[in-house]
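Here are some notes for a colleague who is opening this structure for the first time. They go through the contacts between its parts, point by point.

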There are 2 protein chains.
Amino acid sequence: MIYLDNAASTQIHEDVLEAMLPYLKEQYGNPSSIHRYGRLANKAIEKARKQIAMLINADSSEILLTSGGTESNNTALYGIAEKKPHSQIITSSIEHDAILEPCKKLAKDGFDVIYLPVDTHGVVNLSVLKNSLSDNTCLVSIMFGNNEMGTVEPIAQIAQLCNEQNIPFHTDAVQAVGKIPIDVKKLGVDLLSISSHKINGPKGIGALYIRKGIDINPIILGGGQEHGLRSGTENVANIVGFGKACELAKLNLSDNISHMKKLRDYLVAKILREIPSVILNGHVENRLPNNAHFTFLGVAGEDLIIKLDEYGIAASTGSACSVHTQKASHVLQAMGFSHEQITGSLRLTLGLFNNQQQIDETVNILKKVTAELRSVSPFKEKYSFN
Amino acid sequence: MIYLDNAASTQIHEDVLEAMLPYLKEQYGNPSSIHRYGRLANKAIEKARKQIAMLINADSSEILLTSGGTESNNTALYGIAEKKPHSQIITSSIEHDAILEPCKKLAKDGFDVIYLPVDTHGVVNLSVLKNSLSDNTCLVSIMFGNNEMGTVEPIAQIAQLCNEQNIPFHTDAVQAVGKIPIDVKKLGVDLLSISSHKINGPKGIGALYIRKGIDINPIILGGGQEHGLRSGTENVANIVGFGKACELAKLNLSDNISHMKKLRDYLVAKILREIPSVILNGHVENRLPNNAHFTFLGVAGEDLIIKLDEYGIAASTGSACSVHTQKASHVLQAMGFSHEQITGSLRLTLGLFNNQQQIDETVNILKKVTAELRSVSPFKEKYSFN
């Protein structure tokens with residue numbers, strides 16, 4: 001099997017699992033208990049919180065633990081918005097549904113939600129942002145790196161625009177963390193979402209960085225864990241694993257980036273060289289190092305990934321999460337892509353455990369299945385496929 | 001170490017961990033992905049959903065997976081309440097904070113929240129409930145078994161009262177599942193919260209049973225997982241572990257109940273016989289089989305558990321979750337207990353892995369530390385302690 005869907009989820013690093021195991025075995029205390037079992041669990045959480053914080057140069061006290069990236073995004077949006085009813089929220093048209101769906105709800109609840117347009121490479125329009133910011137803006141939320149076509153947004157510039165007007169700025173960095181060096185202090189970001197399972201940690205755990213001084217409302221209430229900002233018994237083992245994953249991500253950041261970028265560039269070059277009528281989508285330079293997103297003209301991306309799956313290759317057309325809604329990619333639509341271009345989408349996302357041999361094999365199989373599919377394509381004439 | 005705090009959390013069963021491991025190792029797919037990795041993850045979730053459903057005689061389609069008991073409770077309350085703004089919610093004065101805190105928020109948002117009183121044994125007053133139910137009631141939420149003093153509420157009777165008036169009835173069964181046979185169909189319950197880590201499953205995962213025909217709003221929005229009712233990449237390994245824990249709980253239900261009840265009754269009898277000035281709190285018969293809750297007169301419960309901890313015994317004064325708020329037990333206050341009675345609280349909760357030798361040892365140590373603490377107690381004269 002060749003796994004090229006690392007934007008959807010990643011394999012847990014063996015050191016991460018090893019760190020988790022004691023908390024799945026003998027260290028089963030509730031972190032709120034005051035006896036030894038509880039204290040050990042609590043200590044483990046605080047160690048992990050520090051590891052998470054260090055990856056983005058935050059302070060431990062600025063890390064809120066959540067059940068994952070989606071909850072982090074929901075918490076940022078609702079947590080800030082509730083403080084200023086009927087105000088304005090600025091986001092972009094290419095966000096993940098974990099931003100767009102809460103925004104839709106907030107719009108129903110009386111908020112004015114502005115969706116910034118993007119160019120054909122998926123970069124948000126900064127002048128529209130600049131003109132939209134007002135005293136009534138309660139929050140700006142723009143993703144760090146896009147989950148579909150990998151474009152990295154000008155986060156430092158956006159943060160600066162927001163900072164100048166004292167408007168909280170949130171970024172969904174679920175795809176960027178561990179793939180780009182992130183320093184929240186230097187960037188001037190106020191809130192930042194992280195997901196563990198995108199960086200070789202376990203699923204079901206994530207964090208929201210909340211800069212000291214930013215005040216948010218909780219969305220889940222109860223026993224008062226996480227200083228009242230997220231109640232519920234802490235998922236100790238997963239938190240410990242998440243912490244370890246962050247530690248490893250920080251330790252190996254430049255090596256990991258080189259590894260992924262080298263394989264990705266090799267993959268892109270090989271595909272564009274060896275398979276005709278393929279277009280690379282997204283930004284050429286400002287791009288997540290593990291992302292490759294193509295349009296295979298005259299082919300349905302879904303047919304491609306089903307064929308690839310038969311050959312043991314895991315790929316996707318875009319966001320795994322959009323499977324439930326079955327709609328065409330709103331990201332590519334926002335970039336001005338035609339229906340045909342969107343239909344031919346193939347996303348290949350690399351991870352720590354991929355190697356060049358897998359890429360060679362993948363391109364060989366891709367060549368074969370593309371030719372097969374194109375030989376029966378309704379677009380056969382249009383593109384002069386054999 | 002002797003762990004007698006199973007109401008706070010439990011040890012993961014080794015079969016549960018074994019079931020989880022493949023999903024922490026090679027089966028790391030995102031359940032929404034359409035390739036083999038995704039399909040296997042999705043299949044594992046659906047198997048677990050069935051195991052969870054079977055424990056309470058529900059249908060798989062009626063099980064909503066959440067990040068735990070607290071989120072399940074929040075989802076039930078907000079999910080129903082949002083459908084009928086400014087209506088009435090009926091709950092009890094002895095609920096867990098995961099019910100009471102959302103209720104406080106709903107009260108602020110314009111809902112009329114009624115807190116049913118309880119008697120000295122902690123049983124909710126059914127005639128007040130009966131008189132409170134009206135066309136304006138959107139939800140009744142009464143816990144199944146109390147987390148502090150273990151009293152089991154008359155759930156079937158409450159459900160019947162609600163059913164007669166077509167009012168949705170939710171029960172927080174986090175402490176009762178796996179300790180009492182629960183058949184949601186026979187009971188007539190509409191919504192029921194479950195937590196995995198209270199029944200020897202992993203932390204960070206839970207479920208809300210939602211009877212077919214009951215319509216709720218989601219609180220976390222995004223990619224549309226769980227039929228749009230709970231977005232976010234599924235915590236596959238923990239879901240699988242939760243499923244296995246439910247399967248085991250169902251399989252061994254009567255054995256587990258006998259085991260816990262036998263040890264608990266032995267513990268209670270031994271303490272009341274061997275240690276003077278101790279009162280058993282809660283209901284004598286209608287009680288969770290693993291719960292023992294006492295007042296040790298003239299002693300501070302916190303001092304007791306710190307001393308016990310020094311001897312390697314894990315116990316608690318009440319809810320682990322109340323540690324954060326540091327307030328006196330609202331449960332015991334609602335039962336009419338005096339400050340002094342509340343101060344002397346000790347909760348010992350049994351689990352699958354306790355045995356009689358541990359109980360003997362615990363009572364011996366308790367005898368010793370109680371005598372020590374009482375010898376310097378300000379209540380020494382009052383109770384004629386030596």
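1. A residue is called buried here when its relative accessible area is under 20%, exposed when that area is over 50%, and partly exposed in between. R264(B) has 4% relative accessibility, so R264(B) counts as buried. The model is a predicted one.

2. R264(B) has a charged partner: its side chain meets that of D265(B) in a salt bridge, with 3.0 Å from N to O. D265(B) is partly exposed, at 32% relative accessibility.

3. A second salt bridge in chain B links K270(B) and E274(B), whose closest N and O atoms are 3.2 Å apart. Both belong to helix α9 (residues 253-274) of chain B, and being 4 residues apart they are separated by about one helical turn. K270(B) is buried, with a relative accessible area of 11%, while E274(B) is partly exposed at 24%.

4. In chain A, a network of salt bridges links K270(A), R273(A), E274(A), D360(A) and K367(A). Over all chains, the count comes to 42 salt bridges.

5. How many salt bridges are counted between chain B and chain A? The count is 6. In one salt bridge, the side chains of K105(B) and E82(A) meet at 3.7 Å, N to O. K105(B) lies in helix α4 of chain B and E82(A) in the loop between α3 (69-81) and β3 (88-92) of chain A, so this pair joins two chains. K105(B) is partly exposed at 22% relative accessibility, and E82(A) is partly exposed at 36%. E71(B) and R230(A) also meet in a salt bridge, at 3.9 Å from N to O.

6. The interface of the two chains puts 63 residues of chain B in contact with 62 residues of chain A. The size of an interface is often given as the accessible area lost when the parts come together. For chain B and chain A the buried area is about 5,300 Å², and carbon and sulfur atoms give 61% of it. Y28(B), K203(B) and L221(B) supply 13% of what chain B buries against chain A, more than any other three residues.

7. Polar contacts across the interface of chain B and chain A come to 20 residue pairs. On the side of chain B that touches chain A, the elements giving two or more residues include α1 (14-24), α2 (36-55) and α4 (97-108) of chain B. The largest share, 5 residues, comes from α4(B). By class, this side of chain B has 24 nonpolar, 23 polar and 16 charged residues.

8. Chain A is divided into domain 1 (2-8 + 253-374) and domain 2 (14-251). Their centres, taken over C-alpha atoms, are 27 Å apart. In chain A, 30 residues of domain 1 are in contact with 33 residues of domain 2. The two domains of chain A bury about 2,500 Å² between them, 54% of it on carbon and sulfur atoms. L253(A), L288(A) and M335(A) supply 25% of the area that domain 1 buries against domain 2, more than any other three residues.

9. Which charged or polar links are counted between the domains of chain A? There are 0 salt bridges, but 13 residue pairs are in polar contact. On the side of domain 1 that touches domain 2, α9 (253-274), β10 (291-296) and α11 (330-334) of chain A each supply at least two residues. α11(A) gives the most, with 4 residues. That side of domain 1 of chain A has 15 nonpolar, 12 polar and 3 charged residues.

Definitions and conventions:
Residues are numbered from 1 along each chain as its sequence is written. Chains are lettered from A and ligands numbered from 1 in the order in which they are written. This is a predicted model: local features need pLDDT of at least 70, side-chain atom pairs count only at pLDDT 80 or more; totals for chains, interfaces and linings use all residues. Side-chain values use heavy atoms; hydrogens and water are left out. Domain bounds come from an automatic or database domain assignment. Contact means heavy atoms within 4.5 Å. Buried area is the accessible area (1.4 Å probe) that two parts lose on being put together, summed over both. A salt bridge is a side-chain nitrogen of Lys or Arg within 4 Å of a carboxyl oxygen of Asp or Glu. A polar contact is a pair of N or O atoms within 3.5 Å; within protein, one must be able to donate a hydrogen and the other to accept it, and residues adjacent in sequence count only if both atoms are side-chain atoms. Ala, Val, Leu, Ile, Met, Phe, Trp, Tyr, Cys and Pro count as nonpolar, Asp, Glu, Lys and Arg as charged, and the others, Gly among them, as polar. Buried means under 20% relative accessible area, exposed over 50%, partly exposed in between (1.4 Å probe, protein chains only).
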